Amino acid sequence: LRLDGHPPLYFYLLHLFSSFTIGKFSKWTGFILNAICFFILEIYLYRIALLLSKDRIMALIVMVFFGFTTGAVNIVTFIRMYCLLCAMTAMFSFYSLKYVDEVNNKKETGLTLILAFTSMVLVGLTQYQGIVFAFFLTLFECVYFLIKKKYKKMFSFGITMLGAVILVVILFPVVIRQLNEPQSPIDNSTLYPFLFQLRLSINHI
């Protein structure tokens, strides 16, 4: 795993599923794992749509529509961590948005904050691009709380998400080296570190 350019969660899960068929290689091992991730993704897409629209029919339409898109088919059939990444980012998005909703409605936010923290850790252990997405979502929420003058909630959410990133580094310290090295153990001549690629992308935007 140290030689790969990705966090370990997907590989751990794939190894776990493969342990049920020791000595036998099957593409269905990856498909089944991706199908479970897709099921989780669909659940959280439904919950996000329901949270935003307050309409169960609309939430079902969103869930079904995405399920028949080319992107949905690709992330399930491509045996890599991208379906898991989508599921984890959808989970993080839901709990982040739910936190805002609970704050606005003056509800208890402790459990939701813990679940947002947990899902953020899972995102970080799945794919580094997911951390970029989570960073901007966290930033937007903190700016929103700042505008609303909810300073305590802003710091609570921001510091909690920062803590999640720190926990990712503690659990998988190789992340620091991976982010600063070319994203391939085979040919480093034509590839660039993730952080360098990210800077190029931001400059292009």
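A crossing of two helices is left-handed if the near helix is turned anticlockwise from the far one by less than a right angle, and right-handed if clockwise. Helices (H or I, at least four residues) are DSSP runs numbered from the N terminus.

This report concerns a predicted model, in which local features need pLDDT of at least 70 and side-chain atom pairs count only at pLDDT 80 or more, while totals for chains, interfaces and linings use all residues. Residues are numbered from 1 along each chain as its sequence is written, and side-chain values use heavy atoms, without hydrogens and water.

**Helix packing**

Two packed helices are described by the angle between their axes and the distance between the axes. Axes are lines fitted to C-alpha atoms over the stretch in contact, with angles from 0 to 180 degrees between N-to-C directions.

| Pair | Angle | Axis distance |
|---|---|---|
| H1 (residues 9-18) and H2 (residues 27-53) | roughly 120° | within 9 Å |
| H2 and H5 | roughly 25° | within 8 Å |
| H5 (residues 82-104) and H7 | about 10° | 10 Å |

The axes of H1 and H2 cross at roughly 120°. The crossing of H1 and H2 is right-handed. In their contact (heavy atoms within 4.5 Å), H1 contributes Tyr-10, Leu-13, Leu-14, Phe-17 and Ser-18, which meet H2 residues including Ile-32, Leu-33 and Ile-36. This contact has seven nonpolar, four polar and no charged residues; Ala, Val, Leu, Ile, Met, Phe, Trp, Tyr, Cys and Pro count as nonpolar, Asp, Glu, Lys and Arg as charged, and the others, Gly among them, as polar.

For H2 and H5, the axes cross at roughly 25°, so H2 is roughly parallel to H5. Their crossing is left-handed. Among the H2 residues that meet H5 are Phe-38, Tyr-44 and Arg-47, and the H5 side includes Lys-98 and Asp-101. By class, 17 nonpolar, two polar and three charged residues make up the contact of H2 with H5.

H5 and H7 pack at about 10°, and H5 is therefore roughly parallel to H7. H5 residues including Phe-92 and Tyr-99 meet H7 residues including Phe-133, Ala-134 and Thr-138.

**The second largest pocket**

A pocket is an open set of points on a 1 Å grid over the protein atoms alone, where a 1.4 Å probe fits, with protein on both sides within 12 Å along at least five of seven lines; lining residues have an atom within 4 Å of a point. The second largest pocket holds about 170 Å³ of space, a volume being the space filled by probe spheres set on the points. Its lining includes Met-120, Ile-131, Ala-134, Thr-138 and Met-161. H7 gives the largest share of this lining, five residues. The lining has eight nonpolar, two polar and no charged residues.

How values were computed
Helices (H or I, at least four residues) and strands (E, at least two) are DSSP runs, numbered from the N terminus. Angles under 35 degrees count as roughly parallel, over 145 as roughly antiparallel, 65 to 115 as roughly perpendicular and the rest as oblique.
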